[in-house]
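Welcome! Here is a short tour of a protein chain, from its overall make-up to the links that tie its parts together. Take a look at the sequence and the structure first.

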Amino acid sequence: MIFITSPKMTRHQLSLDRRIQSLFPVALASLLVLGTARLVLDALKTNDSFVFQLYGRPRGQQRSPAVVVSPEDRIDESCNVFEGKWVWDNVSHLHYTEESCPYLVKQVTCQRNGRPDSYYKNWRWQPNDCNLPRFDPLKLMQILRGKRLMFVGDSVQRGQFESLVCMVQSIIPQGKKSLQRVPPRKIFKVEEFDASIEYYWAPFIVESISDHATKHTVLKRLVKLDSIAKHGKHWEGVDILVFESYVWWMHKPTINATYGSPDVQEYNVTTAYRLALQTWAEWLESSINPERQKVFFMSMSPTHLWSWEWKAGSDENCFNESYPIQGSYWGTGSNMEIMEMIHDQIQDLKVKVTFLNITQLSEYRKDAHTSIYGERKGKLLTKEQRSDPKNFADCIHWCLPGVPDTWNEILYAHLLKSHQNLL
């Protein structure tokens with residue numbers, strides 16, 4: 001059968017064909033543009049994008065290489081890193097020097113301030129049944145990428161903050177790091193990793209009349225045992241929180257405080273400490289997201305105020321001590337009741353808090369305090385004051401480099417232990 005098309009229909013079909021042919025280049029060009037755009041967008045998503053290589057990634061979108069923690073770097077559950085001994089190591093142990101770290105305050109630079117010996121720098125903590133992983137500043141900063149780590153506490157805790165800053169700062173190029181003072185905080189920012197290591201002054205953790213970062217005195221203590229909100233708003237969202245509070249509580253066996261009302265009452269220190277811990281615990285339960293935040297609590301930093309405790313018949317303090325205590329030792333300045341109180345409170349929490357029990361290992365280090373080579377009221381001791389170490393030696397704070405470096409090695413070991421390798 002033969003179909004015969006009319007001339008009218010043929011002309012219409014030819015006109016339609018011409019229109020389709022004229023649209024074809026436009027459609028083809030559109031497809032090419034869309035395809036090219038898709039290729040560009042896909043390239044921008046890769047780590048090797050020429051644009052990112054030339055200009056860098058936007059802040060917060062830096063390349064994040066996987067951090068792999070080997071089994072050798074993880075402390076075993078069965079190993080108690082807090083039981084061990086100090087061993088002499090003047091070869092491999094030192095992480096920094098006073099000269100290499102510009103972030104140390106005068107209070108802790110003992111050798112620069114005139115201390116004649118440097119033995120205190122060269123003791124390494126060796127656990128009995130395992131080894132602490134070698135501190136790797138690059139690996140720590142990779143773990144901290146895009147995160148905030150904050151130390152909360154008194155001036156002893158500030159020393160631990162300065163120690164950690166010094167332990168990592170050497171790998172950060174000039175211009176990519178900064179230290180800001182925003183009272184009551186100090187903030188060490190690392191641009192390369194979009195990270196910060198911070199310190200927050202709160203000597204009692206809860207609120208008190210001593211919360212001003214510079215204008216405070218331990219002689220006038222008044223603590224608000226049920227108040228923490230003013231501090232807590234600065235802690236919200238911080239990825240890693242490291243708390244410490246002890247020395248300011250122990251100035252006298254009683255302390256003035258408020259609890260439940262504005263009326264000031266005198267409390268036994270251990271009772272007041274327990275109430276403050278409960279307030280802190282309630283804040284944790286209501287404010288911490290355990291899926292993305294880690295919390296640590298440092299045990300008390302010991303003092304060495306009375307030499308008769310380690311040297312029978314003497315009547316001095318930590319001044320002129322050059323070696324750690326050998327054998328079993330626990331000073332009277334470390335309150336076991338408060339230690340147990342902290343442990344019990346942490347055990348009852350729904351939020352996981354890791355208790356870093358650095359007290360015993362630090363008890364041995366009568367040699368490592370700032371003694372007469374530190375500051376008092378913001379000034380180095382005068383010649384006359386140094387000649388009277390019994391009244392002016394500081395046997396509370398620690399020289400840096402020194403014992404707080406070991407505390408941070410232990411903190412680092414626990415961060416490695418809890419780190420999840422991404423497959």
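Accessible areas come from the Shrake-Rupley method with a 1.4 Å probe, and for residues only the protein chains shown count as cover. By that method, the chain exposes about 22,400 Å², and carbon and sulfur atoms supply 54% of this area. The model is predicted, so local features need pLDDT of at least 70 and side-chain atom pairs count only at pLDDT 80 or more, while totals for chains, interfaces and linings use all residues. Residues are numbered from 1 along each chain as its sequence is written, and side-chain values use heavy atoms, with hydrogens and water left out.

**The whole chain**
- You will find eleven helices and 17 strands here; these are DSSP runs (helices: H or I, at least four residues; strands: E, at least two), numbered from the N terminus.
- Of the 423 residues, 49% are buried (buried is under 20% relative accessible area, exposed over 50%, partly exposed in between, with a 1.4 Å probe and protein chains only).
- Looking at contacts (heavy atoms within 4.5 Å) between residues at least 6 apart in sequence, 75% join residues at least 24 apart.

- Helix H4 covers residues 155–169 and reaches 21 Å from its first C-alpha to its last, close to the 21 Å expected (1.5 Å times one less than the number of residues).
- In H4, 15 of 15 residues are buried.
- Helix H11 (residues 403–418) should span 22 Å, and its end C-alpha atoms are 24 Å apart, which agrees.
- H11 is mostly covered too, with 14 of its 16 residues buried.

**Disulfides**
- A disulfide is a covalent bond between the sulfur atoms of two cysteines; here, a pair counts when the sulfur atoms are within 2.5 Å.
- The structure holds four disulfides, and numbering the bonded cysteines in sequence order gives the pairing 1-4, 2-5, 3-8, 6-7.
- One of them joins Cys79 and Cys130, with sulfur atoms 1.8 Å apart, and both cysteines are buried.
- Another joins Cys101 to Cys166, S to S 2.0 Å. This pair links distant parts of the chain, from the loop between S1 and S2 to helix H4, 65 residues apart.
- The torsion about the S-S bond of Cys101 and Cys166 is about -75 degrees, so this disulfide is left-handed.
- Cys110 is bonded to Cys399, S to S 2.0 Å. Their positions are 289 residues apart, with Cys399 in the loop between strand S17 (394–398) and H11.
- Cys110 counts as buried because its relative accessibility is 0%.
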